[in-house]
Amino acid sequence: MLRNFDLTKLKAIILASPGFTANALYQKIINQATQEENKLIFQNKSKFMVVHSSTGYLQGLEEVLKDPSIQKQLSNTKFAREGAIFEEFQRVLNNDDDRAWYGPLEAAKAVELGAIKYFMITDTLFRSDDIAVRKHYIKLTEQVKSQGGEVLIFSSLHESGEQLDQLTGVAVLLNYPVADLDEEEEEE
């Protein structure tokens, strides 16, 4: 853990498992830190959260992250912010007021117009094996940042990232309504 994570930069460390495995791991970490007199672990002890999940699979992680008590503790983390912005995107999309769009063509058009408030992309697109695709999205994200928009890269391992992947992997929430961003696509 110490080799792979910078504990000073992490905002939370969630240990979750069915049964007592997570608690046993936490005790092992604390005991090891005590034996080695590792001050870094003790300085960051408050970041550890030991919680119960019904399964050790990905569904268990989703269950833990949806728990209101965990969400409250994670409220200042990147995960919570992305989740809140994606929920806002879904709400605006359902209201159909032309401020929420998804799809590669629609996102590119919105970037050209300089109308982006939030540019949401999954890590699968942003880190694509296809160099042309990767360069295209890197260019778009740089344009969004230069125009004052915010770029959010969603993890495909997280629920909101999975949902975004199902919607083409890229979506935008605009500062103002823009009608018919998908018009050209419909004509084809």
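Predicted model: local features only at pLDDT ≥ 70, side-chain atom pairs only at ≥ 80, totals over all residues.
Let's start at strand β1, residues 13-17. Ile13, Leu15 and Ser17 make up its covered face. Ile14 and Ala16 sit on the uncovered one.

β1 has a partner, strand β2, residues 48-52. The two run parallel, joined by five bridges. Take Ser17 as one example: its bridge partner in β2 is His52.

Now zoom out to the domains. The domain assignment gives two entries: domain 1 covers 13-74, and domain 2 covers 78-174. How far apart do the C-alpha centres of domain 1 and domain 2 lie? The separation is 31 Å. Five residues of domain 1 are in contact with six residues of domain 2.

What about area? The size of an interface is often given as the accessible area lost when the parts come together. Here domain 1 and domain 2 bury about 480 Å² between them. Carbon and sulfur atoms carry 60% of that. On the domain 1 side, Glu62, Leu65 and Leu74 lose the most area to domain 2. Together they make up 60% of what that side buries.

Two of those names come back when we look at Phe79. Phe79 lies in helix α5. Leaving aside residues up to four places away in sequence, Phe79 touches Leu65, Leu74 and His158. Is Phe79 buried or partly exposed? Buried means under 20% relative accessible area. Phe79 has 22% relative accessibility, so Phe79 counts as partly exposed. One distance for reference: Gln59 is 20 residues from Phe79 along the chain, and their C-alpha atoms are 16 Å apart.

On to helix α5 itself. It spans residues 78-95, which is 18 residues. From first C-alpha to last it reaches 26 Å, close to the 26 Å expected at 1.5 Å a residue. Which residues of α5 are buried? They are Glu82, Gly83, Ile85, Phe86, Phe89 and Val92. An α-helix has 3.6 residues a turn, so residues three or four places apart point the same way.

β4 and β6 pair in the antiparallel sense, over five bridges. Phe119 stands opposite Val172 in β6.

The buried residues of α6 are Glu106, Ala107, Ala108, Ala110 and Val111. Just after α6, Gly114 takes a positive phi of about 70°.

To recap: the domain assignment gives domain 1 and domain 2, they bury about 480 Å² between them, and Phe79 of α5 touches Leu65 and Leu74, among others.

How values were computed
Residues numbered from 1 in each chain as written. Heavy atoms only, no water. Helix = DSSP H or I, 4+ residues; strand = E, 2+ residues; numbered from the N terminus. Expected span 1.5 Å × (residues − 1). Buried < 20%, exposed > 50% of the residue type's maximum accessible area, 1.4 Å probe, protein only. Pairing = 2+ DSSP bridges. Domains from an automatic or database assignment. Contact = heavy atoms within 4.5 Å. Buried area = accessible area lost by both parts, 1.4 Å probe.
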